[in-house]
Structure formats: C-alpha cells, structure tokens
Amino acid sequence: MFEGSPSSVEPAGFDAWLAYSNRQILALAAAVGDESPELFSADLAWSREAFAARHASPEGLASSLKCLEAVLEESLPGPAWAVLPEYFRRAREELERGGAPETAEVEQARALSDLAQRYFDALVAGDEQRAMGLARAALDAGQLTVQALIDSVLAPVQRELGRLWHIGALNVSDEHFATQVTRRVLALALANAPPVRPRQRTVVVAAITGDAHDIALSFVAAHFELDGWRTLFLGADTPADDLVSFVVRHQADLVALGATLDEQRVTTADTIRALREARPALRIVVGGAAYAGRSDLWRRSGADARAANAAQAVQRGLELLGA
C-alpha cells in the first residue's frame, strides 16, 4: 500500500493512515447499517476531494479501499461478507469517476451575499474588528434582523470556511479564528436583540457524544431563543447519560440533536432511545451532515423530525408541539 510513498511510512504518516483506515471502516459500517451503498461512496468522494486538494496521490485512497476489501473478504463469515461486494463496487466506481472540486471563487460567488462576502474577507484577513463592525452596522441600521444575520451571513460563511478547510485552502488555525469571531458576533447580536414574548416551552440543544462540531448548533439555539423558547444550549460532545439527566431535570419539551459524521447516527439512535425511556412525551429533532445523505435517515434514528437549518429546527419544534 505504501510502496512508492516513503513519507507515508514514517511514524507520523503511518499513524495518519491508521486513523484514516479506522475512519473508512466506521463509514462502511454506518452505510451498511443504513443499507445504503451510496453513503459509503459519498464518503469516499469526500475523501477523494480532500486528497486531491492536498496533492496526495489518489492511488493511496484506492489502495486503502482494496486492502480493506481483501481483509474483510478473508476474515468475515460468508453471510456477513455477502452484502459487502456491492458497497465496494460502487466505491471503486466513485474513485474511478474522479472529478475536481469547484474552485473557492466559483463556490463563493454562488453562495455568499455581498455582506457575507465582506464578512468572510475580514475573517480570512484576520481582521476581527472589521468583521464585528460589519455585523454591528447591519444590525444597527435595521438592514438585518438577528435571524437574518445568522441565515444570510454567519451560517453560509461558516459553511464556506468548512469547505475551504476541507480542500486545503485554509488551515485549522484560520478556521478556528474565524469561528471564534463568529461566536463573539452571535453573542453580541443576541445581547442586543429586542425582547420577545416567552413561549413557555423548553428546548435543549446539543451535539451528541463524540461530535466536536457545535457552531451550527449555536445558530439553532439562537433561533430558538429569538423565538421565545427557554433555550438550554449544551454545545459539543455531550455525554448521553448527562444529556438525559439534564433533560429530565429541566423538564424539556424538545431536544435538538446535532451529528456530523455518518457513524454518529448509531450514537444518535442510542441517545434518542435513552431520552424516550426517561421522558416519553419528549419530542426530538435531529440535524447535521450525518442526516444530509438520504431523506429517511432521521427516521431510522428514532427522531420525530429532521431540520436542515436553524430556522427549520424552530419550525419543526413548533409543529411537533402544536404551538
């Protein structure tokens, strides 16, 4: 697998490949659990783009897939292996199809409004003061509500930052800096938002165990708060047992759960079962990249609904509770 790539067999390179191989196994297991070969292929496509952007040979990705297929065919019992050839066939086809990701310029031109583009430029330039000033000016002038600021500026810019990190155009420090500035902008906007009439409903917003991503969930929590809900935002990587006890203690009406990776759907389903056992009347909405691949994935996790964005999460909550 590593022949012809000396750097990849150095300790750091080999450890990276072990981590990737483990990730590939988890992605396959998640796809098999959902009976969806296309989900495994989509995961390989995501990896292919990242490899290409970082000038890593796609042959290594194909070799890793080939090794995994050979090991599973040799080690699994016949009935267990019988379902897997279709997953590997589609994955190979996806890798052979290739194709380059869109350039950052093309994607930004389509996705970002003028204000969002200027906010993005300020973040990438490391200019926190300018970024915050743009958001503050738009709010003070009545150009945008806080909800509109989230939906048309903060959320699309965060998606673009994530995409650029994925293709190697931004490093982790760039993305972390931009995200922290956005957290400050959101906090400032919420602190200065006009008062709203309370709905007498409680929502808990959290990322499941193992999910370190919570900036999108902070947008979800903000939308609920701005709609008058008593909003309890727990953030990233929330242990299931602690989440259950918190929901019970605060008598939550709704839980909004976020999951990013395909393999996290199993954890989400386990968490939802525990929540329902503890509080049967609870309603649960899920969202995040883990549920973007197929329209019925949220049903398999036992949720009551799926939300594609922050505003939709509030709407789904209102529908579920008849409010």
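## A tour from Phe88 to the cores

Select Phe88: its relative accessibility is 0%, so Phe88 counts as buried. Keep in mind that this is a predicted model.

**Aromatic pairs**

Phe40 belongs to α2 (residues 37-53) and Phe88 to α5 (residues 85-97). The two residues are 48 apart, and their pair links distant parts of the chain. Is Phe40 buried or exposed? Phe40 is buried, because its relative accessibility is 0%.

Next, select Phe224 and Trp229. Their planes meet at 75 degrees and their centres are 4.9 Å apart, so this pair is edge-to-face. Phe224 is buried at 0% relative accessible area. Trp229 has 4% and is buried too, because the cut-off is under 20%.

Switch to cartoon view. Five strands make an open, parallel sheet, ordered β2-β1-β3-β4-β5. Which strands stand at the edges? They are β2 (230-235) and β5 (305-306); each has a single partner strand, so one side of each lacks a neighbour in the sheet.

Zoom in on β1 (residues 202-207). Five bridges join β1 to β2, and the two run parallel. Pick Val205; opposite it in β2 is Phe233.

Now show the helices over the sheet. α12 (residues 240-249) lies across β1, β2 and β3 (254-258), at about 170 degrees to β1. α15 (residues 310-321) lies across β3, β4 (283-287) and β5, at about 160 degrees to β4.

**The cores**

Show nonpolar side chains. The largest nonpolar core holds 53 residues. Which residues have the most contacts inside it? They are Tyr119, Leu154 and Phe224. Elements giving two or more residues to this core include α7 (114-124), α8 (128-140), α10 (172-191), α11 (215-226), β1, β3 and α15. Helix α9 gives the most, with nine residues.

Centre on Leu154. Leaving aside residues up to four places away in sequence, Leu154 touches Tyr119, Leu149, Thr182, Val185, Leu186 and Phe219.

Last stop: another core lies apart from the largest one, with 40 residues. Select Leu84, Phe246, Leu257 and Ala303, which are among them.

Key
Residues numbered from 1 in each chain as written. Predicted model: local features only at pLDDT ≥ 70, side-chain atom pairs only at ≥ 80, totals over all residues. Heavy atoms only, no water. Helix = DSSP H or I, 4+ residues; strand = E, 2+ residues; numbered from the N terminus. Buried < 20%, exposed > 50% of the residue type's maximum accessible area, 1.4 Å probe, protein only. Phe/Tyr/Trp six-rings, centres within 6.5 Å; stacked < 30°, edge-to-face > 60°. Pairing = 2+ DSSP bridges. Contact = heavy atoms within 4.5 Å. Axes fitted to C-alpha atoms, helices over the stretch in contact; angles between N-to-C directions. Core = buried A, V, L, I, M, F, W, Y, C linked by side-chain atoms within 4.5 Å.
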